[in-house]
Amino acid sequence: MTECPECAAKEVVIEMKFDANTKHFICKKCGLFATREQVSDIRYRLNKREKTREDKHDEYRDWWTTSKKEKQG
C-alpha cells in the first residue's frame, strides 16, 4: 500500500487504498484522490521544499563559519 503524501507531510502515516476501477489512490483521512503519477508529483514537491529549507540552513552555516575564520585571522 502507498502512504498518503499530504498526511505524511503532517507526520501522520496513513495508508491509501487503491481503486482498481478508476486506477486512483484514495486517502481515507484527508480525501486525496490521485493517480500514481500525481502521488509521485506531490511527494516530489514536498521533498523539494524541505531540501530547499535545509540548503538555506547549510548555506547560512557555511557563511557563519567562514566569517568566524576571517575574524580570527
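Modeller: Tyr60 is exposed, with a relative accessibility of 52%. (Exposed means over 50% relative accessible area, buried under 20%, partly exposed in between; the probe is 1.4 Å and protein chains only are counted.) The model is predicted, so to speak of a local feature takes a pLDDT of at least 70, and side-chain atom pairs count only at pLDDT 80 or more, while totals for chains, interfaces and linings use all residues. Numbering starts from 1 along each chain as its sequence is written, and side-chain values use heavy atoms, with hydrogens and water left out.

Together with Trp63 and Trp64, Tyr60 makes a nonpolar patch of about 390 Å². (Patch residues have over 30% relative accessible area and no salt bridge; like charges are joined within 9 Å, and nonpolar side chains, namely Val, Leu, Ile, Met, Phe, Trp and Tyr, within 5 Å. Areas come from the Shrake-Rupley method with a 1.4 Å probe; for residues, only the protein chains shown count as cover.) Ring pairs also link Tyr60, Trp63 and Trp64 into a cluster. Trp63 belongs to helix H2, residues 36-72. (Helices, H or I with at least four residues, and strands, E with at least two, are DSSP runs numbered from the N terminus.)

Now the rings. The whole structure holds four aromatic pairs. (Rings of Phe, Tyr and Trp, the last by its six-membered ring, pair if their centres lie within 6.5 Å; planes under 30 degrees apart are stacked, over 60 edge-to-face, the rest tilted.) One of them joins Phe18 and Phe25: the centres are 5.0 Å apart and the planes meet at 55 degrees, so this pair is tilted. Tyr60 and Trp63 also form a tilted pair, at 5.6 Å centre to centre and 35 degrees between the planes. Tyr60 and Trp63 sit three residues apart in H2, which means a separation of about one helical turn. In the other pair, Phe18 is partly exposed at 43%, while Phe25 is buried at 6%.

The search of the whole structure finds one salt bridge. (The criterion is a side-chain nitrogen of Lys or Arg within 4 Å of a carboxyl oxygen of Asp or Glu.) Asp58 and Arg61 form it, at 3.2 Å from N to O. About one helical turn separates Asp58 from Arg61, because they are three residues apart in H2. Asp58 is partly exposed at 31%. Arg61 is partly exposed at 48%.

Next, the sheet. Four strands form an open, antiparallel sheet in the order S1-S2-S3-S4. The edges are S1 and S4 (33-34), each pairing on one side only. (Two strands pair if DSSP finds at least two bridges between them.) Strand S3, residues 24-27, runs antiparallel to S4 and is joined to it by two bridges. Ile26 has Phe33 of S4 as its bridge partner.

Thr2 lies in S1, residues 2-3. Thr2 is buried, at 16% relative accessibility. Beyond its neighbours within four places in sequence, Thr2 contacts Ile14, Glu15, Met16, Phe25, Val39 and Arg43. (Contact means heavy atoms within 4.5 Å.)

Glu11, in the loop between H1 (5-9) and S2 (15-19), has a positive phi of about 65 degrees, although it is not a glycine. Glu11 is exposed at 75%. Lys23 lies in the loop between S2 and S3. Lys23, also not a glycine, has a positive phi near 55 degrees. Lys23 is exposed at 59%.
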